[in-house]
Number of protein chains: 2
Amino acid sequence: MQRSIATVSVSGTLPEKLNAIAAAGFDGVEIFENDLLYYPGSPADVRQMCADLGLTITLFQPFRDFEGMSRQQFAANLERARRKFDLMQQLGCDKMLLCSNVSPQTSSSFDLQVSDLAEIAALAQQFAIEVGYEALAWGTHVNRFRDAWARVKAVDSPALGIVLDSFHILARGDRLGAMEDIPVEKITFLQLADAPLMKMDVLEWSRHFRCFPGQGELPLAEFARDLTAKGYRGPWSLEIFNDGFRAFPTAPTAKDGYRSLLWLEEQTRKRLPESDAPLFSSAPLARYDGVEFIEFAASEDDACALGAALRPLGFAQAGEHRSKKVELWRNGGANVIINHQPHSWADNFYQRHGVSLCAQAWRVKGAAQLLKRAQDYGYPLWQEAHGPDERELPAICAPDGSLIYLIESAGEEGWHADFHLQPTPNKDFTGIDHLALGLPEGSRDNWVMFFRSVFGFELDSEYSLPDPYGLVRSQVLHSPCRTIRLPLNMSQSRDTQIARSVASYQGSGLQHVAFAANDLLTTVTRLEAQGMQPLAVPANYYDDLLARYGESGGLLATLPALQALYERDDRGNAFLHIYTPPFREGRFFFEIVERKGDYQQYGASNAAVRLAAMQTHQ
Amino acid sequence: MQRSIATVSVSGTLPEKLNAIAAAGFDGVEIFENDLLYYPGSPADVRQMCADLGLTITLFQPFRDFEGMSRQQFAANLERARRKFDLMQQLGCDKMLLCSNVSPQTSSSFDLQVSDLAEIAALAQQFAIEVGYEALAWGTHVNRFRDAWARVKAVDSPALGIVLDSFHILARGDRLGAMEDIPVEKITFLQLADAPLMKMDVLEWSRHFRCFPGQGELPLAEFARDLTAKGYRGPWSLEIFNDGFRAFPTAPTAKDGYRSLLWLEEQTRKRLPESDAPLFSSAPLARYDGVEFIEFAASEDDACALGAALRPLGFAQAGEHRSKKVELWRNGGANVIINHQPHSWADNFYQRHGVSLCAQAWRVKGAAQLLKRAQDYGYPLWQEAHGPDERELPAICAPDGSLIYLIESAGEEGWHADFHLQPTPNKDFTGIDHLALGLPEGSRDNWVMFFRSVFGFELDSEYSLPDPYGLVRSQVLHSPCRTIRLPLNMSQSRDTQIARSVASYQGSGLQHVAFAANDLLTTVTRLEAQGMQPLAVPANYYDDLLARYGESGGLLATLPALQALYERDDRGNAFLHIYTPPFREGRFFFEIVERKGDYQQYGASNAAVRLAAMQTHQ
């Protein structure tokens, strides 16, 4: 399987791009013409640079608006094609992409289009080049792949085939299906791109918001399945126009691109278990049973302050590590570890990020499979140095360098053996409902690729929340049965609560932890009576709740005294929650939540209240 | 004329918003419901805060999706309305905005919609409140203002009128026209918003990309003219949903909002010179005759380096200031001043921004008018301390604190009197073709408001340029006859050449100066023979020029030796230009340009070559 990517998909100069692409594992590359034009070396130099890196130049795309123009313009276009074929020979590339004409001047005559395409095919044949004709979704007359195929079929030249681009096809709502009438050998090339579903002009969507397969919402797996079932075995090539990728460091983007092809191959293989196609696959996914503990990296002082912040939430110290300065705090099923061991891995994390979430531990069935998957997808593993009688906890490194520990089999508490334990009084929380991460703008796609490829997590649609100082974009990743939920929050503005939190972390980090309560009102009543200070909620909010939901059987009347928030979904399921004020000037905060019935959201209608209250608090 | 703005239009907490709105000059404010809900004080507190600031609460908008729902839901909606009317009485606001229903569940029955609207009108009347019904552009059944009017007319209640929102009307392509059938007293309220023309879903466009009148491309002036001609004399209120405004500091946004109303009033008055409407107007616009000089703030060292950078471009020192360390450099009609006078205004600018453009001088007919306009629009003027026999040059402060000097009457060179002059040898340049400014993301709108309101500059459409490390957005402001041209460049990515230049300036500043040559090839041939080093252009670029334009009579063959770039527009007008490598690691650079025929652009197709070459150079 040849894996290829267009140079336009990553940032940097041409040598930077090619080096990162080769290092990521690709063996093919589409040279985007501008990258060649801006490079201060000859086409032969580029050919040599690619050869030295083990990269085949799979495709070149030198111009547009070829067919159906005035005869004077067409003569110029053909002369231009001749020059570009000559250049391609120097470049050592034998496939040229020709997009359907988008000019308003192009003729609607099928016959003229066909005769123009026949001319370029005849010329290409002299240069031993194959032209692939692709229907752009916004082409003037040719904008669906079947339009392109009709013309390629009519030309009937060995030097003219069709290029299939998943974006142009899926964005128009088309599907490949069986394609009985298109011989597989007429498929010159395959370009792959995903995208989030967006209501906007398709050209703008395509030019700015494409992403790697798996990062978006188009049915890429079905697309690749149909092509593979058809017998297509040519290159799979990524062609991504994305404003974020253009601005993000080159190497991690190229790596994610490669992973996205592995992911797509694995999805395809799942759908075609009998196929002989040489598709990548890794170990099966694990089953997830929730978050067993979270771990903070802290200094001695921070550890003390964190304990003081947890105590009003009913947490008590449940254990001390046998050999390290590591404390276990607990309330019912919620475990929080505070690690302030000097010269440890956590200390190192602390030096870089300050007091922050350095690890989370998940209960899984199939830890070994996940470790294999992480390795296959090129993510590093981690094994902490440990004492002779202490447990080994295998871990996978997340994109920000924090760890995800894997604890095999639900209910096993073997990791407790490392601690001198003592009983704790409270059982308020059943566990950790969700961990919200604050991400620097631009790193969202790295995280999505990580959780989708290694763990098979699913992605909800994105939504926006208003902070007083800018909009916050939020998108939830969750395990298939939602036992692990990870909202990702991103802010373009630098003045929002989330942006300031991310900046203070020097990278990504925890924005908040939500502890799950079975009976929030009782728990919070007791905790507040014992001194817990929730984040203050404006009285106007409660008046509006009554206006929005009616009296709701008196429940709403109990909320103001507790500063609790409420949301109800369309099906009548409800969400109760409270927030704490932020720890250390906005680094992170805690939430207590209760999901009533089958409520599956995160109280988004209350997020803006919280964001404003955080500002007021400060 | 009551000037009002919705609190959603600016960033911050409610008190921050109200203070900035009052300080900007508004006398009315629409309270956006969320701002009230998130405020930890009562509605009566908000009423008092507004009263103390001299602000009338002009409108409240508490809920949506009212009419045509199931009868059970309608009963709940009516109860909700009752609660909100009660709240509005506490708030002291007697006008409520009701948007047309966007729910897919709402009934298409005209009669049901009318009877529901009649019920809320009857209820409103009990509270002495007037409801204004507005057609959202994406309303399920009511999405044009004439749809809304048909229902309001049918209800025929003194407590129900129509709200006109320029965005919803103009975005749908509708125009107000004469509106004979809508009595002016049935227009409850007027909301004003502009927007750039964008091909996208109208809801997304409305929620994220609105801007103040004059910053966008909708025909706001004709809209306001039609309403004023109709006799509307109620409040003009800005309701802007803009991601950038949400994240930008509160006070400058509020100020620009106020200016945008003044600008719109002035545009309206121009179109209705006979009207008795109390519309703002200022002095007439000036006529512009080009840039007389530009001035750099520099240290002693920088001054020396700048001179060394100008000399290869044929500049020579033409004068020294009589009393200050200020040098005049000149080549033909292009004048560059280097100001390194200690403890001066320029020195102060230098301390804040480093070596940078601190002023530009324009030749104008009507300087006094412009000074009056600047004052009327709330921009500060500046008058430098000067020696007893020296010229006074009046100046206006631009948004970054740099100055725009106004030199009355073309051809007058009175400012020369301050210099000991000496002749200079070269006449390569006719003047300054354009000044490109690099702006921090988010400050574009401040600059647009400044140049449009005070100077009457026009705005071309925005386009994107690819830098190897991110996209750059570019938009040109120019005087009506294009004698002064100011491309504005902005980058969201922090790694592009422009972003690094902006960051190194601690704010906005010059990205490049383009000197206009009459005969670029001759000039550049001579300058390069004398040692000028242009920015190196890749050979592949020239091969592509031949492919794109054909031989072009041999002209293209002369370009590679000079490292000159070429662009031709659709009408056959051409642009020749060269760039210098950047001064001081990317702070700014120089360009030499020749416009052939009626060429009016900036060589955008070559900008990416330049951006890549800059990266290669570094």
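**Salt bridges in a predicted model**

Biologist: How many salt bridges are there over all chains?

Modeller: Keep in mind that this is a predicted model. The rule asks for a side-chain nitrogen of Lys or Arg within 4 Å of a carboxyl oxygen of Asp or Glu. Over all chains, the count by this rule comes to 58 salt bridges.

Biologist: Which residue forms a salt bridge with A:R584?

Modeller: Side chains of opposite charge can pair when their charged atoms come close. For A:R584, the closest N and O atoms of the pair are 1.9 Å apart, and the partner is A:D302.

Biologist: How many residues apart in sequence are the parts tied together by that pair?

Modeller: A:R584 sits in the loop between β25 (574-579) and β26 (589-596) of chain A, while A:D302 belongs to helix α12 (residues 300-310) of chain A. So the pair ties together parts whose separation in sequence is 282 residues.

Biologist: Where in chain A is A:E462, which forms a salt bridge with A:R473?

Modeller: In this pair the closest N and O atoms are 3.0 Å apart. A:R473 is partly exposed at 26% relative accessible area, and A:E462 is partly exposed at 35%. A:R473 is in strand β21 (residues 470-478) of chain A, eleven residues from A:E462, which is in the loop between β19 (458-459) and β20 (463-467).

Biologist: Over in chain B, which helix holds B:D116, the salt-bridge partner of B:R71?

Modeller: The closest N and O atoms of B:R71 and B:D116 are 2.9 Å apart. B:R71 lies in helix α4 (residues 71-91) of chain B, so the pair ties together parts 45 residues apart in sequence. B:D116 is found in helix α5 (residues 110-126).

Biologist: And what is the relative accessibility of B:D116?

Modeller: B:R71 counts as partly exposed, at 41%. B:D116, by contrast, counts as buried, because its relative accessibility is 0%.

Biologist: Which residues of chain B are linked with A:E33 and A:K84 in a network of salt bridges?

Modeller: From chain A, the network has A:E33 and A:K84.

How values were computed
Residues are numbered from 1 along each chain as its sequence is written. Chains are lettered from A and ligands numbered from 1 in the order in which they are written. This is a predicted model: local features need pLDDT of at least 70, side-chain atom pairs count only at pLDDT 80 or more; totals for chains, interfaces and linings use all residues. Side-chain values use heavy atoms; hydrogens and water are left out. Helices (H or I, at least four residues) and strands (E, at least two) are DSSP runs, numbered from the N terminus. Buried means under 20% relative accessible area, exposed over 50%, partly exposed in between (1.4 Å probe, protein chains only).
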